[in-house]
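Hi,

Here is the structure I promised to pass on.

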Amino acid sequence: MKLITVAGPPSSGKTSVILKTIAHLKVPENSVGVVKFDSLTSFDHLRYDEQGIPNQTGFAGKICPDHFFVSNIEDAVQWGRRKGLSILVTESAGLCNRCSPHINGILSVCVIDNLSGVNTPRKIGPMLKYADIIVVTKGDIVSQAEREVFAFNIKEVNANAQILFINGITGQGAFLLAKYWQDTLDIDTLKDRKLRFTMPAAICSYCTGETMIGDTYQMGMLKRMEFDNE
Amino acid sequence: MNTDAYFTEVSTTKICELLKRYPLASDYLANIRLGKINHDLTLPEALLDVDEDILEEFGLTRDSVVLHFCSFLLAFSQNTELNGGISSITILGGQDKSGKPEQIEITVVPGEIVSIVGPTGSGKSRLLEDIECLAQRDTPTGRQVLLNGAAPDDERRFATGGKLVAQLSQNMNFVMDLTVREFLEMHAKSRMTTDPAETAERCFVCANTLAGEKFTPETKVTQLSGGQSRALMIADTALMSASPIILIDEIENAGIDRREAIKLLANHEKIILMSTHDPLLALRADKRIVIKNGGIAKILVTTETERQSLNHIQQMDEILQNLRNHLRKGDTITMEMIPKMEDNYVGTL
C-alpha cells in the first residue's frame, strides 16, 4: 500500500485537492482511502462518502493534533491494509502552523492557497519546509503575477519541493499530483520510520488540565519570553 | 556551479560579501531568524554565536544550516534557465466526449496566435488544460502535446509543472496589499531581474498604454479597476513572465485595448492560445481551433476575406466603444452617434 500525507492550513483546499487527485488515479474503485485527522469537528467525511471513498475521521480534542497524528498513524496504516487499499491518504490541518505529519520516505504534500497572503509561506513552519510537493490552490482567483510571486516565496522557504498549481473546483493540475502518488513506493508499516521534524514539545501543567494562572501553577516544560526592562 | 562549489564559497566568504553577490541570501537568513548575525564573519564563524536552540526550532544545526543555505543558492541559480528554448508545441488529436477520434495535428510557434472557439462547456478549458500539463495520451481527452516536436519525458513534465504556461483568465484580482510599483518590483525580484526598479517602470508604462483609464505607480493594486488590473497583468506577463506559452481565457469583457494587448504578447515571442467569442480577437489569430462535444472538430486558417472583414468589425467595435464612452460621461445617446452603422450595414443585412 502507498501512503501519502497531505497537510495544510484549514480551508486551504486539502479535501478538494484529494478528491480531484483521486479522480485522476488509475486504480479500481474502493482502493483509495482517506484518514482525516482533525481537532474538534469535520464535515469532510460527507464529501468522501459522496464519492464512495472509504474514510475514517479522528478527533484530537484536547490533545495536540500533531501528537494525536503520530500516535495513531500506524493504526491508520493497518486499517488501510485491512481494507485492501492500494493508496491511503492522510489529511491533517496544520493547526498551529507547526504541525508536520511528514515522515521520512513517505510522499508528503502541503496544500496552501494563494489567498492566504504573500508572506504566509514564511510563517508556515515544517509542514511547508519539509514537504516534497507543495500544492498551491485558488490560483484562478488571483493574477498570474501574484501566483508567480507566491511560488517564489514558497521556493525561498523550501527550495527543493515541487510546486504544483491545482484548481480544487475544476481539478485542473490534479493530474500531475496523481502521477506523483502513483509513483511512490509501497509500505507495509511505519514502524521504526522517523518523522522529518520534531513534534512541538509539550507536557506542562496546562497540558494536563490546569486552568489557574500564576507561577505556582506552572510546572514542566516552560518557555519564558524576554521583555525590555527599560 | 554545484553544492560543493557553493559550500567552499560560503565557508570562506564574509556574509556581507555574500549578500552583495546574492541579494536573496538576506531573505534566507531572515526566514530562519538569523537576520542579525555578524556580517563581518563567514557564515560558519557567525553561527558559533547563535543559540543552537533557535536553529533547532527550524530543524537545523550549525552544520546543516550551511548545507541548507548552499542548496538554497543552488536552487535559485538554476531557476532562470528552466524554460528556455521552446521553439514549438504540437497538439496531436485524441478523442471527443463520445469517443470519436480527432483527426488533427496542429503546431504553434512563438509569435503565433491561435484562437479557440466553441460553445460554453464544449471543452475549451480542457484543451487549455491538456497543454498546461503537457498531456501524453493520459488525460481524459487522450491528446498528446509535443515540445519542439518530441514527447517531453516525465522529468521535464514535472520540472516545468506550472512554469511553462502563464494563464490570463477573466479573474485577475489582486489580494496583496501593495502599490503597483511595489508589486511590480516584487515580481521583478522573483524573476531574478538585475534591475527590478527599471523593469517595474517599463512594465508600468506599458500597462498604462493598454488601460482605458490611467493609474499611477502609487495606486494600490487592490484599488485598480477590472480593466486596469487586466492591463497590468498583460503587460506584466509580456515583459516579465518567464513562461513561453500564454493561455488566455475570454478577455473580451476586459475593458482594455484588446488589439494592443494581443499584439504586445505576440511581439514578445510567446506562443498564444486564446479562447474567445470575440470576432475581433478570433480573426486576428493565425489559426482557429473549433471545439465541439469535447473534441477538436476542425482547424481553420484565417482567410484573407476574414482578415479584410476585420476592418468592418473594427468600425463596429469603435462605434460601440464610442457609445460606452458617452454613457460613461453621462451623455444622452442619439441616433447621430451611430451614423456609420446606418449607412453601411443596415441595408446589407
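First, the ground rules. This is a predicted model, so local features need pLDDT of at least 70 and side-chain atom pairs count only at pLDDT 80 or more, while totals for chains, interfaces and linings use all residues. Residues are numbered from 1 along each chain as its sequence is written, chains are lettered from A and ligands numbered from 1 in the order in which they are written, and side-chain values use heavy atoms, with hydrogens and water left out.

Let's start with the surface patches. A patch is built from residues with over 30% relative accessible area and no salt bridge, joining like charges within 9 Å and nonpolar side chains (Val, Leu, Ile, Met, Phe, Trp, Tyr) within 5 Å. Areas come from the Shrake-Rupley method with a 1.4 Å probe, and for residues only the protein chains shown count as cover. A salt bridge is a side-chain nitrogen of Lys or Arg within 4 Å of a carboxyl oxygen of Asp or Glu. Asp and Glu count as negative, Lys and Arg as positive, and His and the chain ends are not counted; each charge is placed at NZ of Lys, CZ of Arg, CG of Asp or CD of Glu.

The negative patch consists of Asp51(B), Glu52(B), Asp53(B), Glu56(B) and Asp63(B). Helix 5 (residues 52-57) of chain B gives the most to it, with three residues. (Helices, H or I with at least four residues, and strands, E with at least two, are DSSP runs numbered from the N terminus.)

There is also a nonpolar patch of about 200 Å², made by Leu115(A), Ile141(A) and Val175(B). Val175(B) sits in the loop between strand 5 (165-168) and helix 9 (180-190) of chain B. Its relative accessible area is 37%, so Val175(B) is partly exposed; buried means under 20%, exposed over 50%, and partly exposed in between (1.4 Å probe, protein chains only).

Now for the inside: why is helix 7 (residues 174-183) of chain A described as largely enclosed? Because eight of its ten residues are buried. Among them are Phe175(A), Lys179(A) and Trp181(A).

Asn97(A) is partly exposed at 30% relative accessibility, whereas Glu269(B) is exposed at 53%.

Cheers
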